Amino acid sequence: MHDSGLLTQAFVFLLSAVVAVPLAKRAGLGSVLGYLCAGAVIGPFGFAFVGQNVDGVMAFAEFGVVLMLFLIGLELDPSVLWRMRVSVLGLGGLQVVITSLLILAAGLALGLAWQESLALGMILSMSSTAIVLQSMSEKSQLKTAAGQSAFSVLLFQDMAVIPMLAILPLLAMDGSLVEATAHSGLSGWKKTLLVLVVVAGIVVVGRLLSRWLFRIIAETRLRETFTATALVLVVGIALLMEQVGLSPALGTFVAGVVLANSEYRHELESEIEPFKGLLLAVFFISVGASIDFALLAAKPLLIISLVLALMGGKMLVLAILGRVFGLHGQSNAIFTFALAQGGEFAFVLFTFATNNSILPPSLVEPLVLVVALSMVMTPLLMTANERWILPRLSGNKARREHDVIDSGDSRAIVVGFGRFGQIIGRLLRMNGFNITVLEHDATQVDTVRRFGHQVFFGDAGRLDLLESAGISQAELIVIAIDEHSRALQIVSLVRRHYPQIRILARARARRQAAELLRAGADHVERETFRSALALGREALCALGYRAYLARRAAEIFRHRDELNVYELRDVLDDETAFFNRARQHAEDLEKLMQEDMQLDTESREKSWGRD
């Protein structure tokens with residue numbers, strides 16, 4: 001017989017995710033906050049749709065963090081990791097040390113013993129790897145300077161768990177250090193040696209044996225066998241790390257870095273990704289379910305004050321360190337807001353500290369709630385930062401007065417004069433057309449003016465500025481900026497007030513192009529589409545296609561793909577219909593291309609060769 005209770009709990013977890021995440025995404029809050037809110041609703045302190053064993057579920061779901069770090073390791077070349085050593089050891093190390101000392105001082109000021117204060121400082125200096133990386137990944141920030149700095153800090157924190165677990169028993173206040181040492185079985189230097197041997201073993205096995213092993217598995221041609229092998233690899237390393245007192249997440253991260261250059265890297269990613277996503281979802285829901293609303297209702301002022309103090313103190317440290325390590329403006333704000341919460345390792349360390357009589361339960365219980373609430377606050381803080389803080393930190397463009405614009409007899413307005421807009425503007429001017437160029441980045445305006453270009457500083461999202469630029473007499477406006485939300489705003493504004501003018505717009509990808517078309521643009525050009533087509537055409541020629549056949553194939557692809565963008569414009573609000581139509585288009589286009597390839601071979605051979 002199956003355990004119906006377990007199946008019921010799994011059903012409730014999955015259903016809550018299915019309901020909450022689309023609502024959160026639609027509200028622009030991200031999936032992480034959706035999971036956390038779902039957990040708060042179904043948890044034992046909410047409507048109690050799941051039982052009291054949330055800690056057991058969370059312990060299982062934390063394996064999602066392990067899988068995530070393994071996949072991140074697969075994306076990192078060891079040479080890249082070596083180049084990050086300064087930010088990992090410097091930025092990450094200083095963040096942990098300074099935050100720990102700051103909380104130590106606060107604990108002493110509140111009358112706690114120095115042992116308790118130091119333990120709290122170390123535990124609360126940690127941030128949430130799962131929440132930060134997932135949220136930054138959704139916002140495409142991981143590859144930015146802020147994302148790389150945040151990752152460096154998180155990586156050091158994962159490594160710092162090891163010495164923390166060694167130091168915490170030394171802070172025991174009732175002599176349990178002797179007992180802990182008696183049960184540890186190994187002296188300090190022997191344990192250190194064992195750790196080094198295990199890490200070296202992972203590197204050696206990963207370098208020498210993994211390729212041979214995965215080749216044998218791949219020859220079976222059974223996908224489930226490859227999936228099982230990938231999971232055995234990760235689970236085995238995680239268990240080995242736990243046995244020697246290391247962080248499982250750190251161990252699997254090292255394994256991922258070792259396998260980063262393997263020819264089976266992409267297969268490993270594709271097999272593990274679904275498990276990672278599902279387990280991370282369960283982990284976030286478990287965190288939400290662990291929020292003790294009864295304790296929050298009993299001591300609201302204390303809990304809220306502690307949450308604000310924790311996050312405010314960490315943000316102060318992060319902001320200062322970010323500046324010291326070269327992060328400025330928007331990058332420093334993203335970095336600071338992302339890492340201000342407590343981390344999932346805090347739950348483990350709090351349990352460890354309680355069991356070793358380092359911290360009393362009366363102190364730990366409210367702090368567990370504080371950490372959970374800080375984790376819930378993080379997606380909200382990152383969204384608030386994105387909407388209200390970052391626009392105010394975009395250099396000197398926010399405070400500078402707009403230029404007085406002399407539009408003359410301009411027939412066209414070009415909005416944005418970066419690399420994309422400069423090509424358009426120069427082409428129009430070289431062919432005798434008088435144009436008015438508007439640029440919202442003051443630094444860019446000053447730069448291009450040094451090269452002799454006439455550019456006006458101003459926000460094209462303001463109707464009065466567009467009117468002073470001569471939009472009522474212009475025939476055309478070209479939106480060449482790379483910020484999609486602003487481009488949408490300008491297109492909608494122009495179409496609403498000047499329906500007669502022709503609007504050409506720049507887009508990054510297919511969905512953005514469809515959104516601009518729906519907003520009123522007459523024509524949209526995806527910034528990499530035609531250049532990619534041109535390179536694809538050259539690739540066909542290099543593989544033996546005659547030039548006219550390559551041009552024909554590229555033209556068919558371009559024409560049908562652009563038609564598809566116009567069709568997608570009508571189903572933007574229906575995710576299922578959007579993806580179904582895009583998938584059907586890909587299938588139809590492939591069929592059309594294959595039919596075109598089957599044209600009379602003899603007639604092709606009589607045609608001209610490559611130009």
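Trainee: How many bridges join strand β1 to strand β4?
Mentor: This is a predicted model, in which local features need pLDDT of at least 70, side-chain atom pairs count only at pLDDT 80 or more, and totals for chains, interfaces and linings use all residues. Residues are numbered from 1 along each chain as its sequence is written, and side-chain values use heavy atoms, with hydrogens and water left out. Strands are DSSP runs (E, at least two residues), and helices are DSSP runs too (H or I, at least four), numbered from the N terminus; two strands pair if DSSP finds at least two bridges between them. β1 (residues 412-415) and β4 (residues 476-479) run parallel, and the number of bridges joining them is four.

Trainee: Which residue in β4 does Ala-412 stand opposite?
Mentor: Strands of a sheet pair through backbone hydrogen bonds, either parallel or antiparallel. Here β1 and β4 run parallel, and the residue opposite Ala-412 is Leu-476.

Trainee: Which strands stand at the edges of the sheet?
Mentor: The open sheet has six strands in the order β3-β2-β1-β4-β5-β6, with parallel pairing. Two strands each have a single partner, so one side of each is left without a neighbour in the sheet. They are β3 (456-457) and β6 (523-526).

Trainee: How far apart are the end C-alpha atoms of helix α17?
Mentor: The expected span is 1.5 Å times one less than the number of residues. For the 25 residues of α17 (residues 300-324), that should be 36 Å. The model agrees, because the end C-alpha atoms are apart by 36 Å.

Trainee: What covers the buried residues of α17?
Mentor: Buried means under 20% relative accessible area, exposed over 50%, and partly exposed in between (1.4 Å probe, protein chains only). The buried residues of α17 include Lys-314 and Val-317. What covers the buried residues includes α7 (114-124), α16 (293-298), α18 (329-338), α20 (361-389) and α6.

Trainee: Is Thr-99 buried or exposed?
Mentor: Thr-99 lies in helix α6 (residues 85-109). Leaving aside neighbours within four places in sequence, Thr-99 is in contact (heavy atoms within 4.5 Å) with Leu-94, Ser-125, Lys-314 and Val-317. Because its relative accessibility is 2%, Thr-99 counts as buried.

Trainee: Which residue's backbone oxygen does the side chain of Thr-99 reach?
Mentor: A polar contact is a pair of N or O atoms within 3.5 Å; within protein, one must be able to donate a hydrogen and the other to accept it, and residues adjacent in sequence count only if both atoms are side-chain atoms. At 2.7 Å, the side chain of Thr-99 reaches the backbone oxygen of Gln-95.
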